[in-house]
Amino acid sequence: MTEKEKRILEKFVLLMPKLSDSDRSYLIGMGEGMAIKARQEQGSGRLPEQDGDRRMAV
C-alpha cells in the first residue's frame with residue numbers, strides 16, 4: 001500500500017463515525033461501484049494487472 005493510499009484510509013477512519021447511516025451507505029455503495037468498474041476494466045485489458053497486495057477485496 002502506498003503512502004497516499006494510507007493517508008486516504010486514515011481520513012476515512014476519522015470520517016466514518018461522523019457520517020449518518022445514509023451517508024455511510026452511499027459511500028460504501030460508491031466504493032463497491034468503483035471496485036466493480038475497476039475489475040471490469042482490468043478484465044478487458046484496459047488496466048494493467050496489479051499485484052495481490054493492491055487489489056480491492058470486495
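A salt bridge is a side-chain nitrogen of Lys or Arg within 4 Å of a carboxyl oxygen of Asp or Glu, and by that criterion I find that the structure holds 3 salt bridges.

I note that this is a predicted model, in which local features need pLDDT of at least 70 and side-chain atom pairs count only at pLDDT 80 or more, while totals for chains, interfaces and linings use all residues. Residues are numbered from 1 along each chain as its sequence is written, and side-chain values use heavy atoms, with hydrogens and water left out.

I looked up E3 and K6, whose side chains form a salt bridge at 3.6 Å, N to O. Both residues belong to helix α1 (residues 3-15) and stand 3 residues apart, about one turn of the helix; helices here are DSSP runs (H or I, at least four residues), numbered from the N terminus. For E3 I record a relative accessible area of 54%, hence exposed, and for K6 36%, hence partly exposed, where buried means under 20%, exposed over 50% and partly exposed in between, with a 1.4 Å probe and protein chains only.

I then turned to helix α2 (residues 21-43), where R24 and D21 are 3 residues apart and so separated by about one helical turn; their side chains meet in a salt bridge at 2.8 Å, N to O. R24 is partly exposed at 25% relative accessibility, whereas D21 is exposed at 57%.

My last entry concerns K37 and E41, which are joined by a salt bridge at 3.9 Å, N to O, and which lie 4 residues apart in helix α2, again about one helical turn. E41 counts as buried, with 18% relative accessibility.

Notes
Helix = DSSP H or I, 4+ residues; strand = E, 2+ residues; numbered from the N terminus.
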